[in-house]
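Visitor: Hi, could you walk me through this one? I'd like to begin with the ligand.

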Amino acid sequence: MPVPFMEVSAMSGGDKLDFEIRPNPQPVAPAERDALMANPGFGRVFTDHMVTVRYAEGKGWYDARVEARAPIPMDPASAVLHYAQEIFEGLKAYHAADGSVTMFRPDANAARFADSARRMAMPPLPQQVFLDSLRHLIEIDRAWLPTTEEGSLYLRPFMFANEVFLGVRPSNEYLYVLIGSPVGSYFPRGVQPVNVWVSPTYTRAAPGGTGEAKCGGNYAASLAAQAEAMEHGCEQVVFLDAVQRRYVDELGGMNVFYVYDDGSLVTPPLGGTILPGITRESVMTLARQAGRTVVERPVAFDEWQADAASGRLREVFACGTAAVITPIGVVRHPDGEFRIADGSPGEVTTGLRQSLVDLQRGRAEDVNDWIHHIR
Ligand code: PLP
Ligand code: COI
């Protein structure tokens, strides 16, 4: 259960820190930066700075810095290297129509980061420190913000156990780090429909496990399934539930939505094994505000197949920070494959994507107060 924010700050010794700013004495030269940003792909190009904040038991959060991006020296016995006590977040900053920089629902990322921390027996980072770290990095690395329609600055906050100790218990020391990466589309083919592979072999998360936390271990465990998907010509893996191996949970790095012939949307309920996606929640709100019915209910794989065959199921899409909203064209599984409608992007998927992107880039009225502007 989420803990109220007051309790978070009480636990972590103060909810605001002063950041020491040490500008990088050797930033990338403008011409080289432009060349790197011309076609950045996803997660390969990085900005000049990073933010670090330390935690020690009994001392709380301290030593908040903005400094040159650099390797992190680590002792070989650092706890994270052995027991994977690590969590992360992903969100984007956008070049907005009015020249400001926008962030989409960073407070929701801060809250999820704190929830992930609690699940992994880590101290939650105060929400204000999380938000201030984002603002400081964007301000100092603003030149790295892509101005293209597909481009954004992907922000990757993460935190790990760095006590030098091999016993199996929660670490007494942690390092929070924020890095930034100018990105284009997550999928190399852009907004084209992707193929997905329904894994017969692997599951992602069991009840009582860590499925709803954004911890690195969940992704490590998903890589064999992702490799299996790629061997079958698919961009993403679909995970079925770990108990009955019947109901759709989510994809390797995205949540999933179904659009039916009556215009309604269905998405699997959270229930502890699925990452509570911020895009998922935003899509549900936007669709409802546009007058659509949105239902959270389990979707069985055989139902997915039958409804695609009958034509009742019109569109399926994946959503997440990296993927935005990406249509799913073909579904492969060990017994064959099927297509969603004619396999091309559907009108509801395309419309929702446009509404979301317009909001994120400050082009639509922000009735939900989701956008943070940095001027
Ligand atoms: N599910 C998984 C496993 C993810 O890694 C992500 C991406 O962060 C999502 C869903 C979508 O979450 P969000 O919309 O908050 O980015
Ligand atoms: C994100 O969307 O931010 C993620 O962390 C998922 C991953 C596919 C990059």
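Guide: At least two residues of the shell around ligand 1 come from each of β11 (248–251), α7 (278–289) and β15 (313–320), where helices (H or I, at least four residues) and strands (E, at least two) are DSSP runs numbered from the N terminus. This is a predicted model, in which local features need pLDDT of at least 70, side-chain atom pairs count only at pLDDT 80 or more, and totals for chains, interfaces and linings use all residues. Residues are numbered from 1 along each chain as its sequence is written, chains are lettered from A and ligands numbered from 1 in the order in which they are written, and side-chain values use heavy atoms, with hydrogens and water left out.

Visitor: Which residues come nearest to ligand 1?

Guide: Of the 17 residues around ligand 1, the nearest are Arg112, Tyr219, Glu250, Thr279 and Thr321, and a residue counts as near if one of its heavy atoms lies within 4 Å.

Visitor: What lies 2.8 Å from an oxygen atom of ligand 1?

Guide: A polar side-chain atom of lysine 214 does, and the side chain of arginine 112 also has an N or O atom 2.8 Å from a ligand 1 oxygen. From isoleucine 278 it is a backbone N or O atom that lies 2.8 Å from an oxygen of ligand 1; a polar contact is a pair of N or O atoms within 3.5 Å, and within protein one must be able to donate a hydrogen and the other to accept it, while residues adjacent in sequence count only if both atoms are side-chain atoms.

Visitor: OK, new topic. Which residues have the most contacts inside the largest nonpolar core?

Guide: They are Val53, Leu155, Met159 and Tyr176, in a core of 40 residues. Such a core is a set of buried Ala, Val, Leu, Ile, Met, Phe, Trp, Tyr and Cys residues joined through side-chain atoms within 4.5 Å, and buried means under 20% relative accessible area, exposed over 50% and partly exposed in between (1.4 Å probe, protein chains only).

Visitor: And which element gives the most to this core?

Guide: That is α5, with six residues.

Visitor: Is aspartate 369 buried or exposed?

Guide: Aspartate 369 is exposed, with a relative accessible area of 62%, and its phi is positive too, about 60°, although it is not a glycine.
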